[in-house]
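Trainee: Could you walk me through reading aromatic pairs, a nonpolar core and a helix in a model?

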Amino acid sequence: MGKQLSKDKWKYLFYTISHPGDGFYEIRHREHGSVVIALIMVVLFSVTWSINRISAGFVVNNVDPRNVNSLSELVTVLLFFLLICVSNWSITCLMEGKGRLKDIIVAIGYSTLPATVCILIGTLLSQFVSKDEAAFYTMICGIGIAYTLFLMLVGIMTVHSFTLGKTLITLLLTLVAMLLIIFILLLLVDLVNQVYSFIYSIYQELMFRA
């Protein structure tokens with residue numbers, strides 16, 4: 001764990017954000033990435049997102065803070081993150097991608113940092129902007145999210161050694177895989193519920209006869 005959180009690993013996070021091509025290449029081929037730091041980045045993104053929904057100024061925020069459940073949102077973000085990583089890994093295995101699951105986790109986790117920083121800055125700025133200045137808040141958050149999506153694209157393309165066209169096709173198939181996994185999980189949940197209901201009905205019948 002100490003090696004995963006070393007000073008060099010943290011420094012390489014910021015190097016990757018500023019030099020995505022070289023950074024993601026080093027993550028894949030020279031083990032410079034850290035899965036633990038990537039997961040921390042995802043958690044920080046979720047926390048920042050919840051803070052924004054709770055604390056952003058009323059000029060730019062129409063969410064009732066009483067309806068925000070930070071723990072539920074954290075679990076949702078982590079599950080969605082895991083779903084993206086597993087879906088991309090399953091598709092790229094079929095398309096001869098060179099990236100491992102840990103490389104995908106690091107690439108996507110690291111990529112969330114710009115969105116986290118910009119949303120946090122936007123949240124602070126929203127306390128002071130007027131209605132006419134709300135565009136600055138939107139611009140800051142938009143830049144962070146756009147750069148995060150760009151980093152994810154470069155990260156996936158680099159760790160798998162894909163061309164841009166193949167990466168875009170892979171991302172489209174990743175979306176399809178995500179939908180299939182969700183569909184299968186829903187079927188599984190429904191099957192478990194039916195089995196439980198069947199067993200419980202038998203139990204009730206036996207108790208009634210007894």
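Mentor: Happy to; we will take these topics in turn, keeping in mind that this is a predicted model.

Trainee: How many aromatic pairs does a search of the whole structure find?

Mentor: A pair of aromatic rings is described by the distance of the centres and the angle of the planes. Here the search finds 5 such pairs. One of them joins F45 and W49, which are stacked, with 6.4 Å centre to centre and 25° between the planes. Both residues sit in helix α3, 4 residues apart, or about one turn of the helix. There is also an aromatic cluster made of Y196, Y200 and Y203.

Trainee: Why does F45 count as partly exposed?

Mentor: Buried means under 20% relative accessible area. F45 counts as partly exposed because its relative accessibility is 21%. W49, at 36%, is partly exposed as well.

Trainee: Which residues have the most contacts inside the largest nonpolar core?

Mentor: In soluble globular proteins, nonpolar side chains tend to be buried together. The largest core here has 23 residues, and those with the most contacts inside it are L13, F24, I27, F81, C85, I108 and Y110. At least two residues each come from α1, α2, α3, α4, α5 and α7, and α5 gives the largest share, 6 residues. Beyond its sequence neighbours within four places, Y110 is in contact with residues including L13, I27 and I37.

Trainee: What covers the buried residues of α6?

Mentor: The cover includes α1, α3, α5 and α7. Among the buried residues of α6 are L113, C118 and I119. Helix α6 itself spans residues 113-125 and reaches 18 Å from its first C-alpha to its last, close to the expected 18 Å.

Definitions and conventions:
Residues are numbered from 1 along each chain as its sequence is written. This is a predicted model: local features need pLDDT of at least 70, side-chain atom pairs count only at pLDDT 80 or more; totals for chains, interfaces and linings use all residues. Side-chain values use heavy atoms; hydrogens and water are left out. The expected span of a helix is 1.5 Å times one less than its number of residues. Buried means under 20% relative accessible area, exposed over 50%, partly exposed in between (1.4 Å probe, protein chains only). Contact means heavy atoms within 4.5 Å. Rings of Phe, Tyr and Trp (its six-membered ring) pair if their centres lie within 6.5 Å; planes under 30 degrees apart count as stacked, over 60 as edge-to-face and the rest as tilted. A nonpolar core is a set of buried Ala, Val, Leu, Ile, Met, Phe, Trp, Tyr and Cys residues joined through side-chain atoms within 4.5 Å.
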